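Dear colleague,

Please find below the structure that I am passing on to you.

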Amino acid sequence: MKIGILTSGGDCPGINATIRGVCKTAINHYGMEVYGIHSGFRGLLDNDITPLTDKDLTGLLSMGGTILGTSREKPFKKRSSSSQNKPALILKNIQEMQLDCIVCIGGNGTQKTAAKLAQLGVNIVSIPKTIDNDVWGTDTSFGFDTAVTIATEAIDRLHSTASSHQRVIVIEVMGHKAGWIALHSGMAGGGDIILIPELEYNIRNIGNTIIERLKRGKTYSIVVVAEGIKTADGKKAAEYIAQEIEYETGFETRETVLGYIQRGGAPTAFDRNLATRMGGYATEMIATGQFGRMVALQGEKIGSIPLEEVAGKLKLVNEDHDLIVQGKRMGICFG
Ligand code: F6P
């Protein structure tokens, strides 16, 4: 069998470990031929592929980013200016390159494109990857644990400076429309107020929480906000919340945006192993002809789920999540 592998959408720690998991299993265990497709779906449009050998897979386990490159190319998105029928071109190129199957590693957008290609008859196996943890149908994705670890360390570091200056510090973490990183790093980092897009917030309530904390002798506060919370005038989350807190309480407030640091560098041991397991499982699915499905972590086990069930859905935080319930019981404010 001749398989192609691509990575699409924003990068995250653990992608290279997955490529290694897929390709080493394919080459060494199943005797398949593997081709790396460059820059996501753009590589399928440009016939931009190179063979991958076992030698190319050295050193990938701990390496951040993706050796294949990535793009946010969405071949099914209609653009009035483009005369090119991208899906048809992709089908033609896959046939010309004689690829029997395509492994798509990506987030929500990638799963949607993968589902559409599968509907057109392409043999697809997809693997979820995102720091945001918002891909529907899998308990978690690799990249998330690393992002939470990085954000938690950043929050830990804010405590001493906030305490020394008796300030409020607002830290903004990533997550697109989901609050997973903010919730997990906020709780692990001892945030006093945690704001996520899934829950409404009231700035007066936040201000009162900070004032009440001061009355109890807590001279500083850490506020963890997800980038996707609603703000007035479309302002950036941390900037807006910091400005409103200062206005509401009169306390000196500073903001920090953690940004792409959350996405770069080496994956945690958990993410390396999840990536390796998911990669190996994807290759097993190819060998047994299970196409049109996404690999998923289901409890302790790796399994898979039909792509049409995943496409177009988002996995968001529920308000009865046990971290929220427990946080509230300890006096943490969620808005
Ligand atoms: O989906 C991953 C993510 O890092 C989000 O958390 C963030 O909103 C977005 O990507 C940033 O995307 P870009 O790489 O296009 O700036």
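The sulfur of C104 lies 8.3 Å from the closest cysteine sulfur, that of C101, which is too far for a bond. C104 is buried, at 0% relative accessibility (buried means under 20% relative accessible area, exposed over 50%, partly exposed in between, with a 1.4 Å probe and protein chains only). For C12, the closest cysteine sulfur is in C104 at 15 Å, again too far for a bond. C12 is likewise buried, with a relative accessible area of 0%. The count of disulfides is zero, a disulfide being a pair of cysteine sulfur atoms within 2.5 Å.

The model is predicted: local features need pLDDT of at least 70, side-chain atom pairs count only at pLDDT 80 or more, and totals for chains, interfaces and linings use all residues. Residues are numbered from 1 along each chain as its sequence is written, and side-chain values use heavy atoms, with hydrogens and water left out.

Turning to the helices (DSSP runs of H or I, at least four residues, numbered from the N terminus), the axes of α5 (residues 144–165) and α6 (residues 180–188) come within 8 Å and cross at roughly 45°. Axes are lines fitted to C-alpha atoms over the stretch in contact, and angles run from 0 to 180 degrees between N-to-C directions. In α5, F144, A147, V148, A151, T152, I155 and D156 meet W180, I181, H184, S185, G186 and A188 of α6, where contact means heavy atoms within 4.5 Å.

With kind regards

Terms used:
Helix = DSSP H or I, 4+ residues; strand = E, 2+ residues; numbered from the N terminus.
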